[in-house]
Amino acid sequence: MFDRKDDFWDIAALLPKKTKSTATSSHGEISVPDITNARDVALSETREEREARALHATASDGESVKSDYAPADNPFITRVRVLARRSHMRLFHGFKSDGAAWQALRGTPCPYAPFFSFVPQYEQLNEAQKAYYLYFREEANSGNFLDAGQSYVLLYIFEILNLPEFIPPKIGILRLAKIWNAYRRSMPILDKNLIPWLADYGLLHGVGCPRDILSSFLDVILSKSNLKEFYLGFEEGNNDTLDALILLTSQYRYENGRYATGEHAALFRTHIRQAASAVLRHVFLDGGKIKYQTVTKRFDAFAGALWAGASRYELEVTYYSVSGTDDLKILMTAAVKYAENKLRSYLSIKSRLSVSCLPDPIRGLLDAYFAKALPPKQTQAPVTRPEYEIMYEPLSEGISLKDAKEIEQSSWENTWRLIPESEKEEIFSENPQEDRAPFASCPPSKEAIGLTETQRHFLRFLMEGKEDAARRFAKEAGESYLTLGEGINEYFADSLGDVVLELVGEDYSVVSDYEDEIRAAIDAQI
């Protein structure tokens, strides 16, 4: 039998003792304070921490730990409740006390020290990494973002989430937004993590969303967030916020239209934004009557983040769902289409979008906006003709069919004289003096040809709003759905000077202004 001594298993006795050390850089010697006993420092628990700990100690699981409230700067969120979630596990229990000690430390310039951890913590840093983190944090707090690895950035984020007693939430949420904006392109994980974490932080501490910092990628946030309404707010003059609201509420994408690009892009972008802003102001701020879909969600705060201590929080949020309210979608879709029709009219574009379900007050509001916003068209002054041109005008005595017939007959007689005898019989099979149409064998023009039977049937389906039937008919006829529509548009472009079908997504839509002309063409005989 082996004699196993108890001290053989004392792994701690085999490890080297921790001592104070310094890191050397091109800037000179940098002293890193010893925080080995950080958990024992006096400032590891402030008055606020003690109050919060006492509050949690008396709160039962699922009991509210603060009064319910409604954010003052967000018209969509109507109630927030913060609930206790008891746990006997003390994961990362030393992170808060370490972080408290580190708040008194300051960083100075030093070389970059690589660091990697899936869940970065202070105690994992060696001396060089400690020095660089303090330098990195000092610069980030001042708005200067150094080259840094993902682990340093996550440690900075965890510090803000866990230490509201030292980093006031009104400052903390700004720091979260700024570091997210600075590093998200090189660290895609930040979008995944901070979309929910920043919202949880704001709701937990009752601070508003810094939309001005996030505006450049607000569309990305809204496409991925499960609580979009936290990031929304009506801010006149903020085009990024307006674009986000239009994106969520309108099912018609005006920026993809055929007339909203090229030379008119700026005109469409400016006025549709501002017209939509007027409607949104009416809906959100001036008492517009919209029946919102109300949603209540309950979820863990900071899921997946390093969250120190034995207590956790749950959030229960009640809000108006912007993207889930059909009445709002219908209203804003119609408003955006109506605004585009106003611009098309201003540009003398005949075709119009079909607009329905737009209440008269909103129609009047948009009419008032465009009457004020669009400058009146300047009419050109009539050009005065020089007097001498009058001398060259042809004399007109009205239309005479007899004179026209004599001119034509005289022309054919001259032609007969000029053509050689050997070619006369080949060209003229009858006497040239007889009244005949010399080009009767030429194919008729497009206007004379009209629409084909296939095109007529195809148009009938579209006029009745049966897009699926039109697709089936085109397939059964062995024709391409898109090609049939293009052929019809070519015919009307020649006869009317404009197209009568527009592609909306992948389906053709009939331009309502030309319905009478389309019916006449369908009923006409070839």
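1. Which residue forms a salt bridge with Glu316? The partner is Arg79, and the closest N and O atoms of the pair are 2.5 Å apart. Keep in mind that this is a predicted model.

2. Look at where the two partners sit. Glu316 lies in strand S5 (residues 311-321), while Arg79 belongs to strand S3 (residues 77-86). The pair therefore ties together parts that are 237 residues apart in sequence.

3. Next, check the surroundings of each partner. Glu316 has a relative accessible area of 11%, so Glu316 is buried, because buried means under 20%. Arg79 has a relative accessible area of 30% and is partly exposed.

4. The side chains of Glu314 and Arg298 meet in a salt bridge, with 2.9 Å from N to O. This pair links distant parts of the chain: Glu314 is in strand S5 and Arg298 is in strand S4 (residues 293-300), 16 residues apart. Glu314 is buried at a relative accessible area of 16%. Arg298 counts as partly exposed, at 47% relative accessibility.

5. These pairs belong to a wider set. Asp68, Arg79, Arg81, Arg298, Glu314 and Glu316 are linked in a network of salt bridges. The count for the model comes to 17 salt bridges. The general idea is simple: side chains of opposite charge can pair when their charged atoms come close.

6. Glu340 and Arg344 meet through their side chains in a salt bridge, at 3.0 Å from N to O. Both residues lie in helix H13 (residues 326-346). They are 4 residues apart, about one turn of the helix. An α-helix has 3.6 residues a turn, so residues three or four places apart point the same way. Are Glu340 and Arg344 buried or exposed? Both are buried.

7. Turn to helix H21, which covers residues 515-523. Which residues of H21 are buried? They are Ile518, Ala521 and Ile522. These residues cover an arc of only 100° around the axis, which puts them on the same side of H21.

8. The other face of H21 has its own residues. Turned away from the buried side, this face carries the exposed residues Asp516 and Asp523.

9. What do the buried residues of H21 pack against? They pack against helix H18 (453-463), helix H20 (481-495) and strand S7 (507-510). Then find Asp516 and Asp523 on the face turned away from them.

Key
Residues numbered from 1 in each chain as written. Predicted model: local features only at pLDDT ≥ 70, side-chain atom pairs only at ≥ 80, totals over all residues. Heavy atoms only, no water. Buried < 20%, exposed > 50% of the residue type's maximum accessible area, 1.4 Å probe, protein only. Helix = DSSP H or I, 4+ residues; strand = E, 2+ residues; numbered from the N terminus. Arc of directions from axis to C-beta. Contact = heavy atoms within 4.5 Å. Salt bridge = Lys/Arg side-chain N within 4 Å of Asp/Glu carboxyl O.
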